[in-house]
Amino acid sequence: MAQNMQILGCTFTGQSNRNNERITHFAAHLCRTLRTTRLLAVDTVHVPTIANTLAFALAGTPAQHTGIPIDFSDFTMLEEFLEHSESPVIVLDNVFDTVNESLLFALNRYSPAKSVVILPIGSFANIRLLAPEVWNKVFYVPTTGMVELSASDKPLHHAQEALKRIDITSRSILAQMDILRRMTSIPQNALVTPSAITAIAQDTASARQWIMPHLCIETYEYQGAEKAHELSQEPTNKTIAAQLAALIDRIDHGSQAR
């Protein structure tokens, strides 16, 4: 998966000497996330790279895109489409940007087991208009510092074991929930997905940095910007505090900063 990201010209700004390491970590955390949820929220700028990286790694085919009308409510038809899609990765455009809350809740209930559903976020200000519970199964993929340069003409790779089976115990997930509860007092259901991801990664510092932007969004949604900023200033978030503050401000003010 990391190889596909490099072929597509993906790089991270700053610390260019560690770019390969950062891409490897990003790909590893993305795989761990898909072991807990198949619903991903991604900055629209980076959707093509992440969607095709995943689709080719999983099945050797490009991702499939479909637009969702502003008043769309026929989830039975959408579920059938997801079940029979030619690609394992489906991009549903306009769900966040039209604030289609009912569809987001329907996706939470459906929780696809095979398909990966990517939901682009164009306007981060729209996040303020959503019920916080939509994030229980939808995970925000952090892409701060990511840019796409000129893509290579090399073919993308199909990884035979892109998603290796990883067994985690309920006890390890609950242990991570206890740690996160010391940082934020949002409902326990909101902590399950980030806790499972950190449990799979064995609670590394890198995994903590991966889930913190998502946790900041959840805290913002449940408790407001002040509490989200408090979370960003936690001592364990020192190295990414500026990144988290920029994300919160982007939601709060509709900033276009990437």
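Student: This is a predicted model. How many bridges join strand 2 to strand 5?
Tutor: Strand 2 covers residues 39-43 and runs parallel to strand 5. A41 stands opposite L119 in strand 5. The number of bridges joining strand 2 to strand 5 is 5.

Student: Which residue stands opposite V117 in strand 5?
Tutor: Look to strand 4, residues 89-93, which runs parallel to strand 5 and is joined to it by 3 bridges. The residue opposite V117 is I90.

Student: What is the handedness of the β-α-β unit that strand 4, helix 5 and strand 5 make?
Tutor: The helix here, helix 5, spans residues 101-110. With strand 4 and strand 5, helix 5 makes a β-α-β unit that is right-handed.

Student: Why is strand 5 largely enclosed by the rest of the structure?
Tutor: In a regular strand, side chains alternate between the two faces of the sheet. V116, I118 and P120 point one way, and V117, L119 and I121 the other; all are buried. Buried means under 20% relative accessible area. Strand 5 is largely enclosed because, of its 6 residues, the number buried is 6.

Student: Now the largest pocket. Which helix gives the largest share of its lining?
Tutor: The largest pocket has a volume of about 590 Å³. Of its 22 lining residues, R22, T144, Q209, I240 and Q243 are the closest to its centre. Helix 2 (19-34), helix 8 (205-223) and helix 10 (241-253) each give two or more residues to the lining. The largest share, 5 residues, comes from helix 2.

Student: How many residues of that lining are charged?
Tutor: The lining has 12 polar and 7 nonpolar residues. The charged residues number 3.

Technical notes. Residues numbered from 1 in each chain as written. Predicted model: local features only at pLDDT ≥ 70, side-chain atom pairs only at ≥ 80, totals over all residues. Heavy atoms only, no water. 1 Å grid on protein atoms, 1.4 Å probe; cavity = no way out; pocket = protein on both sides within 12 Å on 5 of 7 lines; lining within 4 Å. Points joined across faces, edges and corners; volume = space filled by probe spheres on them. Helix = DSSP H or I, 4+ residues; strand = E, 2+ residues; numbered from the N terminus. Nonpolar A, V, L, I, M, F, W, Y, C, P; charged D, E, K, R; others polar. Buried < 20%, exposed > 50% of the residue type's maximum accessible area, 1.4 Å probe, protein only. Pairing = 2+ DSSP bridges. Right-handed = clockwise from strand over helix to strand, strands pointing away.
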